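The structure is shown first.

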Amino acid sequence: MKISRPDVEHVAMLARLELTEPEIEMFTEQLNSILEYAALLEQLNTDGVSPTAHVLPLHNVLREDVTQPSLEQERALMNAPDAENGFFRVPRIV
Amino acid sequence: MAWEDRYEMVCGVETHVELATKTKIFCGCSTEFGGEQNTHVCPVCLGMPGVLPVLNREVVHLAIKAGLALNCEIAAFSKFDRKNYYYPDLPKNYQTSQYDLPICGKGWVTIETEGGTKEIGITRAHMEEDAGKLVHSGETIMSSDESYVDYNRTGVPLLEIVSEPDMRSIPEVLAYLEQLVQILQYTEVSDCRLEQGSVRFDVNLSLRRQGAAGFGIRTETKNLNSFSSVRRCLEYETERQAQVLDDGGQVRQETRTWDEGKGITLALRTKEEAHDYRYFPEPDLVPLVIERAWVDKIRSTLPELPAQRLSRYRELGLSDYDAGVLVAAKPLADFFDRALAHFPQAKVLVNWVTGDFLRLLNANQHSIADSRISPEQFAELMGLIDQGVISGKIGKNVLEEMYLTGKDPSLIVKEKNLAQISDEGTLLGIVEEVLAANPRSVEDFRAGKEKAIGFLVGQVMKATKGQGNPGLVNRLLREKMT
């Protein structure tokens, strides 16, 4: 699979990144070489190997449904760039 | 000409239902509704860097329970995935959801409409987290310069239940939604408080020519939060699509939003649609392996489901209407069942429960939980009437008194001296007085006017303040006049 310029522009848009022309060039090239490298894996024979859902050999890590203390409102908002009346304030969405 | 003459509708519904847990899906914050903004939040649900989610066991339990009640296959292996999109109601910039290995697979729900019974297929049901709540500064999202965010809801556990496109009419869709909500309430998977937004529906709709085999192009209208919104939305959207097709056009495949005030659906701008969710397996959560024993244990806790209860009530001889009224309100049906255990005359009981009792509750704007009358007391009242201790008419007064005071009916009857007069000697004296005072009616009766007896019974009842045993009064009057 080859990554094209429109692919890079699309992914940048989804990630809300504004890229310059030289950056689009550079990332198209870099992403392609990353994919080429990863494509090495396709040489492995994976017949009879089930898909990996997680790299850790663990399952069913669960907690009980018991309430824990939450943050106080003031602390919850401490890192907010902008807040008002206990709400996070965010710029225009669309 | 109505569109139904030319087109058939095809509809499937995605239902998001809040699971009845105490805490959120991945952290110990409370799920309680109505807390002050941003007070049920912690570093996990605020998406702070470096935090790790831990899955709530009860979420898995309730999801399996719902799946079993919806006849779904329960997955032996299931995992979570990230659904990526940028929106400020989602502090992590992705929603933790399930993509290709949902906890519940195919199932079905049986619905009843005027057209008969029908199975509506369930495609799947999966666990996910709810997003936060946005308040816009302007009137609409488009006219707002800024928005305010409350993350209390973020991380509240949801089950998304996806139906097959099996519904062919608006009554079928409504029957499916009602049946689904009843099942979720009966199993206590969710309290389904629609007015608090704990159930939301996305409706997929297309039309096709009557008799056509393939499907038309569909639209998806998102975030409907009541049965009446779904009905109105479908009424509007079917007409709109029929108009487009009649004009020789093509329906655009798009996501639409419902404007409750105007009663119309509107296309969302494509920029607001982020269909490119780039799902990938959630690395912060390990998979679920669901042992058969766990599923079987949950299966054994399933209560009687609404459809089973409905058929049991019909077997007891209740009318479809009465059975439906009870089943639609689980607490009322539970009350009925408990009273029935002490007074096993279902038809008599249901008249009182769905009649006078429900009327009292409605008049006082009470739910059954607010009532001071226990099912046992209710059964006792039924017994007093059945045994002739009090008449049905007096019974209504006693019920009202019970409703106000919570006292036992036998105590009220005793305190107010309401017991029916069934002593022949006592009644005979009154009967003779009434006959002596009304010679005209006696003459009429003897001349064959059967109606005259009604008047005489009324006079005796009046003299006994309604406490005369009506059957006995009737018999004594007849005996004296013949």
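The model is predicted.

**Helix α5 of chain B**

- Helix α5 of chain B spans residues 306–315, and its buried residues are P306(B), R309(B), L310(B) and Y313(B).
- These four lie on the same side of α5(B), because the arc they cover around the axis is only 105°.
- In an α-helix there are 3.6 residues a turn, so residues three or four places apart point the same way.
- Within chain B, the buried residues of α5(B) pack against β6 (107–113), α2 (170–186), α6 (320–328) and α7 (330–342).
- After α5(B) comes G317(B), which has a positive phi, near 100°.

**Extent of the interface**

- Chain B gives 57 residues to the contact and chain A gives 34 residues.
- About 3,900 Å² is buried between chain B and chain A, with 59% of that area from carbon and sulfur atoms.
- On the chain B side, Y86(B), Y148(B) and V286(B) lose the most area to chain A, and together they account for 15% of what that side buries.

**Polar links and make-up of the chain B side**

- The rule finds 2 salt bridges across the interface, one of them between R89(A) and E146(B), whose closest N and O atoms are 4.0 Å apart.
- Polar contact across the interface involves 22 residue pairs.
- Elements of chain B that give two or more residues to the side touching chain A are β2 (55–56), α1 (57–69), β8 (133–136), β9 (146–150) and β16 (288–289).
- Of these, β9(B) supplies the largest share, 5 residues.
- By class, this side of chain B has 31 nonpolar, 12 polar and 14 charged residues.

Note on methods
Residues numbered from 1 in each chain as written. Chains lettered and ligands numbered in written order. Predicted model: local features only at pLDDT ≥ 70, side-chain atom pairs only at ≥ 80, totals over all residues. Heavy atoms only, no water. Buried < 20%, exposed > 50% of the residue type's maximum accessible area, 1.4 Å probe, protein only. Arc of directions from axis to C-beta. Contact = heavy atoms within 4.5 Å. Buried area = accessible area lost by both parts, 1.4 Å probe. Salt bridge = Lys/Arg side-chain N within 4 Å of Asp/Glu carboxyl O. Polar contact = N/O pair within 3.5 Å; in protein donor to acceptor, adjacent residues only side chain to side chain. Nonpolar A, V, L, I, M, F, W, Y, C, P; charged D, E, K, R; others polar.
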